[in-house]
Amino acid sequence: MNGIIIIDKPRDWTSMDVCAKLRHLLGERRVGHAGTLDPMATGVLPVFVGRATRAVEFAESGEKEYLATLRLGLVTDTQDTTGQILEQRPVACDRGQIEDVLGRFRGEIQQVPPMYSALKVNGQKLYQLARKGRTVERKPRTITIYALELGEQTGPAEYALRVRCSKGTYIRTLCHDIGAALGCGGCMSALRRTEAAGFTLNQAVTLETVAQAAQEDRGEALLLPVDRYFERYPAISIRGEAERRCRNGNPFRRSGPEGLYRVYGESGEFLMLGELSGGQMRTKKSFFAPPEEASPSNR
């Protein structure tokens, strides 16, 4: 099987748990996801299957959108409500004050990654150090918050947030930092990702849906073709010598505006994401089936 499946990740599953489940259900060992979600989070998890895993590196860097719940007056070691409580403070700020503070977090900002994260320091994941009670210095990273909107109040000290952000943004850290800026502390109490890698919740399916489809031998029908991810680039078709050179990993001559292209073979097979520069089309990433996969005896 080859393609992309958008999973609505359930709460309390890791992103790798989802991949392991799909390996079993789809019978394909090559499975990878684009953009990790914390166990407590739900929502859009793009999963790439078979040869489509070659596109993961492109999909990880896209913008993401989340619906989060900010709980004020509570500070925890994980920066969300699953962690140990460090402080509880009274909340005296009103909606107007929260709106004012949110303005500080829009645009390009610096964010210090949380200790409870999978980032590595000297080869060790931060969360492994945190579980041992250790804290190490983390360098701030530049992220971009493209949109940050305050939604309805969902509890005595809870507010909904809509966040559109760049790769590498920790929403629970954003909640923690907003609480700190307000002077009462804060953390994240819920998170749902509504968009990642250009895919939305409307395209997502549950693991139960995949299990049912696999049981009926129609799991492949849930997969989107990998070229769907590259739809924003123009498409070209090649044949003859150009296709032969492409399949051998060699550049071939092509006229046109420089940039990235979806390249298809004479049969309509998606061959590669190519880059045209100086009149030469070169392979950015290939996606065609190798001869051993394409032969009838291996279909």
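1. Strands (E, at least two residues) and helices (H or I, at least four) are DSSP runs, numbered from the N terminus. With strand 12 defined in this way, the largest share of the lining of the largest pocket, three residues, comes from that strand.

2. The basis of the note is as follows. This is a predicted model, in which local features need pLDDT of at least 70 and side-chain atom pairs count only at pLDDT 80 or more, while totals for chains, interfaces and linings use all residues. Residues are numbered from 1 along each chain as its sequence is written, and side-chain values use heavy atoms, with hydrogens and water left out.

3. The largest pocket holds about 1,200 Å³ of space. A pocket here is an open set of points, on a 1 Å grid over the protein atoms alone, where a 1.4 Å probe fits, with protein on both sides within 12 Å along at least five of seven lines; lining residues have an atom within 4 Å of a point. Grid points are joined across faces, edges and corners, and a volume is the space filled by probe spheres set on the points. The lining has 35 residues, of which Thr 36, Leu 37, Asp 38, Ala 118 and Tyr 170 are the closest to the centre of the pocket. Two or more lining residues come from each of helix 1 (15–26), strand 4, helix 4 (126–131), helix 5 (171–182) and strand 12.

4. By class, the lining of the largest pocket divides into 14 nonpolar, eleven polar and ten charged residues. Ala, Val, Leu, Ile, Met, Phe, Trp, Tyr, Cys and Pro count as nonpolar, Asp, Glu, Lys and Arg as charged, and the others, Gly among them, as polar.

5. The second largest pocket has a volume of about 230 Å³. Its lining includes Asn 2, Arg 51, Pro 225, Asp 227 and Phe 287, and divides into five nonpolar, three polar and three charged residues.

6. Strands pair if DSSP finds at least two bridges between them. Strand 4 (residues 64–72) is antiparallel to strand 12, with nine bridges, and strand 3 (residues 42–49) runs parallel to strand 12, with two. Arg 193 in strand 12 stands opposite Gly 43 and also opposite Tyr 66.

7. Strand 13 (residues 199–200) pairs with strand 12 in the antiparallel sense over two bridges, and Glu 195 has Thr 200 as its bridge partner in strand 13. The two strands form a hairpin with two residues between them, and Ala 197 in the turn has a positive phi of about 55°.

8. Thr 194 lies in strand 12 and is buried at 12% relative accessible area. Beyond its neighbours within four places in sequence, Thr 194 is in contact (heavy atoms within 4.5 Å) with residues including Val 44, Glu 65, Tyr 66 and Phe 199.

9. The structure holds zero disulfides, a disulfide being a pair of cysteine sulfur atoms within 2.5 Å. For Cys 175, the nearest cysteine sulfur, that of Cys 187, is 7.7 Å away; for Cys 184, the nearest is that of Cys 93, at 4.4 Å. Cys 175 is buried, with a relative accessible area of 0%, and Cys 184 also counts as buried, at 4%.

Key
Buried < 20%, exposed > 50% of the residue type's maximum accessible area, 1.4 Å probe, protein only.
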